[in-house]
Amino acid sequence: MHTTDQRSRPRTWRHAAYGVLATLVGLAAAHLVAALTVPAASPVLAVGSTVIDLTPTPLKEWAIRQFGSADKLVLIGSVTVVVLLLSAVAGIITARRETPGLLVVVGLAGIAGLLAVLRPGAGPLDLLPALVAAAVGATSLWWLHRVDDRAPTEPSPGGDGPTRRGVVLATGGLAAAAVAMGALGRWVTSYRLGGTDVALPVATDPASPFPTGLEQTYDGITPLRTPTGEFYRVDTRLTLPTVDVDSWTLTIDGDVDEEVTLTFDDLAAMDTIERDITLTCVSNEVGGPYVGGARWLGVPLADVLARAGIDSTRADQILSTDVDGMTISTPLDVALDGRDAMIAIGMNGGPLPRANGFPARMVVPGLYGFVSACKWITRMTLTTYDAEQAYWTERDWAVDAPIKISSRVDTPKGLSQTPAGTVVVGGIAWAQGSGIEKVEVRIDGEAWRPAQLGPQVTDDYWRQWYFEWEAEPGQHFIACRATNKDGDVQTDVRMTPFPEGSSGLQEISVSIT
Ligand SMILES: Nc1nc2c(c(=O)[nH]1)N[C@H]1C(S)=C(S)[C@@H](COP(=O)(O)O)O[C@H]1N2
Ligand SMILES: [Mo]
């Protein structure tokens, strides 16, 4: 009795370990397959994000309070612990009755697969990683038991007879395979995502809940928030820089009390704000596409500059330099006038994409990007416009370039054909700093008529609008104009983008049939 007990306990532990190992191998294989197909369908991520979505808000808030930016890690970690416990049970069952034990592993993978295909926007391909997890996990467990069965029940005198060595080789080999596949999966994912894998802090000062945009109701209106991958990109580069975040730094020098250099972790540890801000390019023509709305996470610019001390500076310019030495100037007084200027490290809940400045960029609401939004920023030099000139200043562009009040017709498209009846004319308007008060529509040069406005996000954010037009057959002209909250009306005076931004009204022609 005594001897059986002593033998069966290690035996139980061993089989539990087989269950855990088999599941880890299955998960690693699935993660690798997901990395190559649909990263979000990786069982760990699919289950993890479902759990995060389903976590009641109070619990989520508690986790954020308790663990800060590690909250998601803790939630996913808890799920992993439960899964591994169940895998241990599967291992123990398999030792007694093979098929039911293996079915537990298949069942666990099945749940992950189900959650993966139930995620919004999922397709049949999202099932693949879970299938791989089931096949690899169950096969590994079955194989470990076969190898184990062949090992002697009593330890041989030397402790490692040939078949014991089989067990060691099998477990060691599978563990190594799991680590290798897991690492490869991570590498493939970060390679595909452009290596922008960083931990972001939870905003000290978060943005308000984001409202539902008009695009849900009216086809063709620009989405209230630009999807990250569709954000416009304007810069002087042919290829994107690959910045290693671990060695990246941001230096504040020039006319400061004391030059400082911050690492990404230094920045991320400071108080952060989260703000919805619409960026605009000075090169945007009337009606053009170089404008986008995003939720930015960053450190207030004033706090970053305060690290170096600028109380007694005589500078009037922040000269920002990017990883390759490209420079962008920003008027110091504008940047520090109380607006939400920041060094952004996050965009729409994730890190900055490489195209939009990973790992950090400047964002100054109300200024065109070319005098504010330095991407891949590495240095801010406090200096004067007399002493030093930035890239575009040397090319005679304006130095202080506030974004002009603008509006754009998104739908119907210019020169399109639309059947007569009620036609929804819709688009966006922006007047960063003041905010949009009114948008009006003019058909065929007649009186201006008010459009309906979409939800207000912030005064630094664009506003959607629409106008229901009873359209009669024929050729028609549609124009729009915006008014900001100070009562300033968008000008109809035509200006080219050079040197300080385009102006004028957009007027499109449509044919109603
Ligand atoms: N380093 C660097 N930053 C830059 C630029 C650039 O060429 N190089 N272009 C600027 C311009 S002109 C604009 S409009 C914005 C565009 O930002 P986005 O590409 O993220 O939309 O980035 C600004 N920041
Ligand atoms: Mo720009």
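Let's start with the largest nonpolar core, which has 71 residues. Ile252, Leu267, Trp296, Ile343 and Met380 touch the most other members. Apart from that core lies another, of 21 residues, including Ile405, Val425, Ala451 and Ala482. Two terms, quickly. A nonpolar core is a set of buried Ala, Val, Leu, Ile, Met, Phe, Trp, Tyr and Cys residues joined through side-chain atoms within 4.5 Å. Buried means under 20% relative accessible area, exposed means over 50%, and partly exposed is in between, using a 1.4 Å probe and protein chains only.

A word on the source. This is a predicted model, where local features need pLDDT of at least 70, side-chain atom pairs count only at pLDDT 80 or more, and totals for chains, interfaces and linings use all residues. Residues are numbered from 1 along each chain as its sequence is written, chains are lettered from A and ligands numbered from 1 in the order in which they are written, and side-chain values use heavy atoms, with hydrogens and water left out.

Next, the open sheet. Four strands form it, in the order β11-β13-β17-β16, and the pairing is antiparallel. The edge strands are β11 (406-411) and β16, since each pairs on one side only. Strands here are DSSP runs of E, at least two residues, and helices are runs of H or I, at least four residues, numbered from the N terminus. Two strands pair if DSSP finds at least two bridges between them. In general, strands of a sheet pair through backbone hydrogen bonds, either parallel or antiparallel.

Walk across the sheet. β11 and β13 share five bridges. Arg408 has Ile428 in β13 as its bridge partner. Then β13 (residues 421-430) pairs with β17 over nine bridges. There, Gly426 stands opposite Tyr466. Last, β16 (residues 452-453) pairs with β17 over two bridges. Why is β17 (residues 463-471) largely enclosed by the rest of the structure? Because seven of its nine residues are buried.

Gln432 is found in the loop between β13 and β14 (436-443). Is Gln432 buried or exposed? It is buried, at 9% relative accessibility. Its side chain reaches the backbone oxygen of Thr278 at 2.7 Å. Gln432 is also in contact (heavy atoms within 4.5 Å) with residues including Leu279, Gly366, Ile403 and Asp459.

Now Arg295, in strand β4 (residues 291-300). Arg295 is buried too, with a relative accessible area of 12%. A polar contact of 2.9 Å joins its side chain to that of Asp276. A polar contact is a pair of N or O atoms within 3.5 Å; within protein, one must be able to donate a hydrogen and the other to accept it, and residues adjacent in sequence count only if both atoms are side-chain atoms. Arg295 also touches Phe210, Arg225, Glu274 and Met347, among others.

On to ligand 1. It is surrounded by 19 residues, and the closest are Tyr232, Asp322, Asn356, Arg361 and Lys375. The cut-off for near is a heavy atom within 4 Å. A polar side-chain atom of Asp322 lies 2.8 Å from a ligand nitrogen. The side chain of Lys375 has an N or O atom 2.5 Å from a ligand oxygen. Val234 uses a backbone N or O atom, 3.0 Å from an oxygen of ligand 1.

Finally, the record. An unreviewed UniProt entry places "transmembrane region" at residues 72-95, 102-121, 127-145 and 166-188. In the model, residues 166-188 are 100% helix, with end C-alpha atoms 32 Å apart. Residues 127-145 are 95% helix, and their ends lie 27 Å apart.

Definitions and conventions. UniProt positions are given in the numbering used here, feature names are shortened, and annotations may be inferred rather than shown by experiment. Lists of a residue's contacts leave out its neighbours within four places in sequence.
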